Amino acid sequence: MFDNLGLTALPAEDEALRAPVRAFLEEATAGMPPERRARSWSGFDAAFSRALGERGWIGLTLPKEHGGAGRSLFARFVLVEELLRAGAPVAAHWIADRQSAPHILKFGTPAQAAFYLPRICRGEAFFCIGMSEPGSGSDLASVRTRATRTASGWRLDGQKIWTTNAHHSHYMIALVRTSGDAGSRHQGLSQVIVDLKLPGITIRPITDLTGDAHFCEVFFDGVELAEDALIGNEGDGWMQVTSELAYERSGPERIYSSVVLLDEWLKHLRTQPTPSQRSMALAGRVLSAMTVLRGLSVSVNGLLAQGHSPVIEAALVKDAGTTLEQLLPEAIADVLGDEPDAVLPDGLLRTLAYVAQIAPTYSLRGGTREVLRGMIARGLGLR
């Protein structure tokens with residue numbers, strides 16, 4: 001299970017999943033322009049997600065009794081790697097599959113697992129994450145959205161923002177305050193599952209610089225939740241959410257967000273009789289860095305597979321991965337300047353334009369670079 005660098009290697013039985021997934025994706029994405037494929041994990045296509053569910057490729061790691069395939073985290077790594085490489089539109093099921101389902105399995109009740117997990121595996125239940133709030137940024141401990149106990153359950157009031165695909169989702173797992181106030185920090189936080197069809201919920205999409213509108217702000221005004229909306233124990237929200245973020249921060253999506261652009265640029269280089277030395281140096285730099293980051297990401301998956309909660313390790317992968325992702329559009333645009341007279345492919349230019357606009361968000365989603373580096377410093381005993 002370990003290669004000669006000391007990093008976790010992908011087991012052969014999981015690597016074998018790559019061929020059938022790649023064959024399916026080649027057909028599913030045929031004719032899809034690269035600027036659309038570059039959106040990949042922000043590309044919403046419910047029919048595509050249901051097709052994956054029909055093949056057993058959602059909830060791949062979940063137990064078979066809950067509709068999953070009972071495969072390892074390494075099998076899911078292979079699947080995700082192929083999805084992102086192809087630029088498949090995975091946003092519909094992405095959050096539910098990546099973190100909501102394993103989170104419910106780990107902290108939820110048997111009744112919650114029995115209700116939600118089979119629906120997630122079939123591509124019928126889409127989740128969003130209710131963490132960020134206005135004025136809080138990545139400081140999750142300062143959340144003000146409150147769930148107050150009632151005779152029948154909870155009353156939810158407050159606001160979330162930058163909530164990806166809330167307008168398309170069926171449910172939200174929200175971090176809320178059930179006791180104390182914002183000054184209480186990590187104390188008094190809990191997590192609840194919110195049915196987004198309930199009265200009192202308003203969802204407003206936010207249009208970004210690229211013209212897409214997958215971010216949303218979500219308002220809760222006296223939303224009545226049942227008692228069983230609570231995940232885990234009341235007051236354990238901080239511990240639970242940091243565990244959940246290890247799934248969000250460690251996967252291939254923290255390395256491959258710009259991979260369609262990279263592929264389009266490399267395809268262009270291969271058509272050139274003599275690519276510039278700067279282009280060749282950049283290609284070598286990027287591919288060598290990506291190889292190391294991929295090994296680290298696989299190894300974090302290995303820790304997760306062993307039941308650990310690698311919060312610091314995942315933060316390191318996310319920080320280094322998004323740094324590389326953000327380097328790509330700027331560096332590629334720079335070396336293309338070496339070819340002022342070259343006729344560049346339209347697909348490459350459109351993809352570059354999109355990725356250059358969206359890349360600044362890569363170091364925001366899943367926790368800002370500054371917050372992650374603070375976590376890393378604490379984990380290393382430096383602060």
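Q: Where is the place of Ile-120?
A: Ile-120 sits in helix 7, residues 110–121. Helices (H or I, at least four residues) and strands (E, at least two) are DSSP runs, numbered from the N terminus.

Q: Before we go on, what kind of model is this?
A: The model is predicted, so local features need pLDDT of at least 70 and side-chain atom pairs count only at pLDDT 80 or more, while totals for chains, interfaces and linings use all residues. Residues are numbered from 1 along each chain as its sequence is written, and side-chain values use heavy atoms, with hydrogens and water left out.

Q: Back to Ile-120: buried or exposed?
A: Ile-120 is buried, at a relative accessible area of 1%. Buried means under 20% relative accessible area, exposed over 50%, and partly exposed in between (1.4 Å probe, protein chains only).

Q: Which residues is Ile-120 in contact with, leaving aside neighbours within four places in sequence?
A: Ile-58, Ala-96, Asp-97, Ala-101, Ala-125 and Phe-127. Contact means heavy atoms within 4.5 Å.

Q: And what separates the C-alpha atoms of Ile-120 and Gly-68?
A: Those two C-alpha atoms are 9.1 Å apart, and the residues are 52 apart along the chain.

Q: Zooming out, how many helices and strands are in the protein?
A: The protein has 13 helices and eight strands. Its radius of gyration is 21 Å, close to the 21 Å that the globule rule gives for 383 residues, so the protein is as compact as a globular protein of that length. That radius is taken over C-alpha atoms, and the rule is 2.2 Å times the number of residues to the power 0.38.

Q: What does the C-alpha trace span along its principal axes?
A: About 75 × 45 × 45 Å.

Q: How many of the residues count as buried?
A: Of the 383 residues, 55%.

Q: What about contacts between residues at least 6 apart in sequence?
A: Of those, 75% join residues at least 24 apart.

Q: Which residue has a positive phi of about 25 degrees although it is not a glycine?
A: Ser-40. Ser-40 lies in the loop between helix 3 (34–37) and helix 4 (46–54), and it counts as buried at 5% relative accessibility.

Q: And what about Trp-162?
A: Trp-162 is not a glycine, yet its phi is positive, about 60 degrees. Its place is the loop between strand 3 (153–160) and strand 4 (171–177). Trp-162 is partly exposed, with a relative accessible area of 47%.

Q: Last stop, helix 13. Which of its residues are buried?
A: In helix 13 (residues 369–379) the buried residues are Arg-369, Leu-372, Gly-374, Met-375, Ile-376 and Ala-377.

Q: What is the phi of Gly-381, which follows helix 13?
A: The phi of Gly-381 is positive, near 75 degrees.
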